[in-house]
Amino acid sequence: MSEYDVVVVGAGNAAMCAALAAREHGVKVAVLEWAAFGDHGGNSTFTAGAIRTVYNGVDD
């Protein structure tokens, strides 16, 4: 079993920035993502990194 200093839950933009910042400080990082490969990324999936506003659902 591996040991980590930081566990980041989710693989969206903010989570990956947090994981990168932690790694740059020399700690061991694990990133956990529930979404299937290809569906991961949180809101960044829909925005290519821009800000997303939801109206009536994902199709909007």
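Analyst: Two residues are in contact, or touch, when they have heavy atoms within 4.5 Å. This is a predicted model, in which local features need pLDDT of at least 70 and side-chain atom pairs count only at pLDDT 80 or more, while totals for chains, interfaces and linings use all residues. Residues are numbered from 1 along each chain as its sequence is written, and side-chain values use heavy atoms, leaving out hydrogens and water.

Start with the layout. The chain holds 2 helices and 2 strands. Both kinds are DSSP runs, numbered from the N terminus: helices are H or I with at least four residues, strands are E with at least two. Along the sequence, the pattern reads β-α-β-α. Buried residues are 17% of the 60 in the chain. Buried means under 20% relative accessible area, exposed means over 50%, and partly exposed lies in between (1.4 Å probe, protein chains only).

Now the close look, at helix 1. Helix 1 runs through residues 13–24 and has 12 residues. From its first C-alpha to its last it reaches 16 Å, close to the 16 Å expected at 1.5 Å a residue. That expected span is 1.5 Å times one less than the number of residues.

Which residues of helix 1 are buried? They are Ala15, Ala19 and Ala22. Seen down the helix axis, these buried residues fall within an arc of 65°, so they line one face of helix 1. The arc is taken from the directions that run from the helix axis to the C-beta atoms. An α-helix has 3.6 residues a turn, so residues three or four places apart point the same way. On the other side of helix 1, Ala14, Leu20 and Glu24 are exposed.

What does the buried face meet? The buried residues of helix 1 pack against strand 1 (6–9) and strand 2 (29–32). Val29 shows this from the side of the strands. Val29 lies in strand 2. Beyond four places in sequence, Val29 touches Ala19 and Ala22, as well as Tyr4, Val6, Val8 and Arg23.

Next, the lead-in to the helix. Ala11 sits in the loop between strand 1 and helix 1. Ala11 is buried, with a relative accessible area of 14%. Leaving out residues up to four places away in sequence, Ala11 touches Met16, Val31, Leu32, Glu33 and Gly41. The C-alpha atoms of Ala11 and Val31 are separated by 6.8 Å, though the two residues are 20 residues apart along the chain.

Glu33 is partly exposed, at a relative accessible area of 34%. Its C-alpha is 4.6 Å from that of Gly10, 23 residues away along the chain. Beyond four places in sequence, Glu33 touches Gly10, Ala11, Gly12, His40 and Gly41.

At the other end, helix 1 is followed by Gly26, whose phi is positive, near 85°.

Finally, a look at the surface. Val9 is in strand 1. Val9 is exposed, with a relative accessible area of 69%. Together with Tyr4, Val7 and Leu32, Val9 forms a nonpolar patch on the surface.

Technical notes: Patch = residues over 30% accessible without salt bridge, like charges linked within 9 Å, V, L, I, M, F, W, Y side chains within 5 Å. Areas by Shrake-Rupley, 256 points an atom, 1.4 Å probe, with all protein chains shown as cover. Salt bridge = Lys/Arg side-chain N within 4 Å of Asp/Glu carboxyl O.
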